[in-house]
Amino acid sequence: MAKDITNQLKEKFDRIGQDLDTHLEGLLHSKPINYWDYIQTDALLDLQTQRTVLPDEMVFIMYHQINELLFKMILWEIEQVAKAENLTVDLFSSKLMRISRYFDMLTSSFDIMREGMEVEQYNKFRHTLTPASGFQSAQYRKIEFSSTELINLIDNRFRETIDRNTPFEHAFEHLYWQAAGKDYKTGKKSYLLTVFEERYKDEFIRFAKFYNTNNLWTKFKQLPQDVREDKALIKAMRHYDYTVNIKWVMAHYNTANHYLNIGGETAEATGGSEWTKYMHPKYQRRIFFPDLWTKQELEDWGKNV
């Protein structure tokens with residue numbers, strides 16, 4: 001057994017032009033790994049910095065950092081589908097269900113936000129966030145880009161004027177989330193949207209160009225017809241679509257409503273967006289895999305939640 005492993009190691013290092021003995025000698029002087037160094041626990045726990053003395057702000061910070069870690073896990077799974085040379089129904093389904101479980105976790109975890117902070121504390125420390133907003137999560141935007149064709153992310157009011165051959169720059173200006181910080185009559189953008197684009201627009205366009213033909217929806221449509229008709233795969237696709245664009249969005253919406261709808265008056269979001277219309281699925285009708293839903297289901301999207 002030991003000899004077999006040694007031979008495999010020699011073959012591995014020979015392939016990259018490295019001397020096995022040199023690497024083995026290095027192991028003589030290395031330290032055994034421990035949990036806290038492998039996970040980078042100290043670095044991770046040093047990333048929480050409050051801007052106020054209100055204790056519930058720490059809940060808010062850590063919760064959103066956990067979200068970003070889960071977003072990274074989701075993007076990791078999508079990338080494996082996008083770059084798979086021989087995509088099978090088993091691989092596609094298993095990755096979709098992994099992604100859906102991450103979003104199931106994100107959805108249920110909103111109870112932590114809804115019940116885990118005092119409304120009074122939140123409405124004090126949230127002003128220190130201005131003009132920052134969860135809208136500015138670049139990873140979430142990438143999840144959308146990599147899940148579906150760009151046309152399905154265009155503001156519902158402008159989809160008929162956009163097609164697959166529209167330049168990315170033009171399409172980008174009509175993405176649904178532009179409505180959170182743009183006056184379409186004047187073209188003026190809020191500070192929230194302006195700084196977000198300054199930081200990420202070029203990166204988003206490069207990312208979207210790759211996923212234009214490698215997103216989950218396009219990859220699905222490239223599968224053989226008998227595979228596309230696989231009931232388990234269709235169920236996985238629909239579950240993911242509904243989980244992300246209805247369940248998770250509504251959990252977010254209801255949590256925001258809990259803190260920002262006070263005495264029947266809706267407070268403005270920290271980034272200044274009209275969050276009630278920006279977030280609710282019945283307005284923007286974000287649907288990743290439209291052909292997998294019936295006409296009635298599409299018409300009722302987001303209305304009965």
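Ala, Val, Leu, Ile, Met, Phe, Trp, Tyr, Cys and Pro are counted here as nonpolar, Asp, Glu, Lys and Arg as charged, and the others, Gly among them, as polar. The model is predicted, and local features were required to have a pLDDT of at least 70, side-chain atom pairs being counted only at pLDDT 80 or more, whereas totals for chains, interfaces and linings use all residues. Residues are numbered from 1 along each chain as its sequence is written, and side-chain values use heavy atoms, with hydrogens and water left out.

Two cavities of 30 Å³ or more were found; a cavity is a set of points, on a 1 Å grid over the protein atoms alone, where a 1.4 Å probe fits but cannot get out, and its lining residues have an atom within 4 Å of a point. Grid points are joined across faces, edges and corners, and a volume is the space filled by probe spheres set on the points. The second largest cavity, with a volume of about 40 Å³, is lined by Phe145, Leu150, Phe168, Phe172, Leu175, Phe204, Ile205 and Ala208, a lining of eight nonpolar, no polar and no charged residues. Helix H11 contributes the most to this lining, with three residues, and H10 and H11 each supply at least two; helices (H or I, at least four residues) are DSSP runs numbered from the N terminus. The largest cavity, of about 60 Å³, has a lining of five nonpolar, three polar and one charged residue, among them Phe145, Glu149, Tyr211 and Asn212.

The loop between helix H10 (168-172) and helix H11 (191-211) contains His174, which counts as buried because its relative accessibility is 14%, buried meaning under 20% relative accessible area with a 1.4 Å probe and protein chains only. A polar atom of the His174 side chain lies 3.0 Å from the backbone oxygen of His170. Not counting residues up to four places away in sequence, His174 touches Ile154, Asp155, Phe158, Ile162 and Tyr184, contact meaning heavy atoms within 4.5 Å.

In helix H5 (residues 56-82), Glu77 is likewise buried, at 4% relative accessibility. Apart from neighbours within four places in sequence, Glu77 is in contact with Lys95, Arg98, Ile99 and Tyr102.

The largest nonpolar core comprises 67 residues, of which Ile74, Phe92, Phe103, Phe145, Trp177, Met237 and Tyr240 touch the most other members. Its largest share, eleven residues, comes from helix H14 (residues 231-260). Such a core is a set of buried Ala, Val, Leu, Ile, Met, Phe, Trp, Tyr and Cys residues joined through side-chain atoms within 4.5 Å.

Methods:
Buried means under 20% relative accessible area, exposed over 50%, partly exposed in between (1.4 Å probe, protein chains only). A polar contact is a pair of N or O atoms within 3.5 Å; within protein, one must be able to donate a hydrogen and the other to accept it, and residues adjacent in sequence count only if both atoms are side-chain atoms. On a 1 Å grid over the protein atoms alone, a cavity is a set of points where a 1.4 Å probe fits but cannot get out, and a pocket is an open set with protein on both sides within 12 Å along at least five of seven lines; lining residues have an atom within 4 Å of a point.
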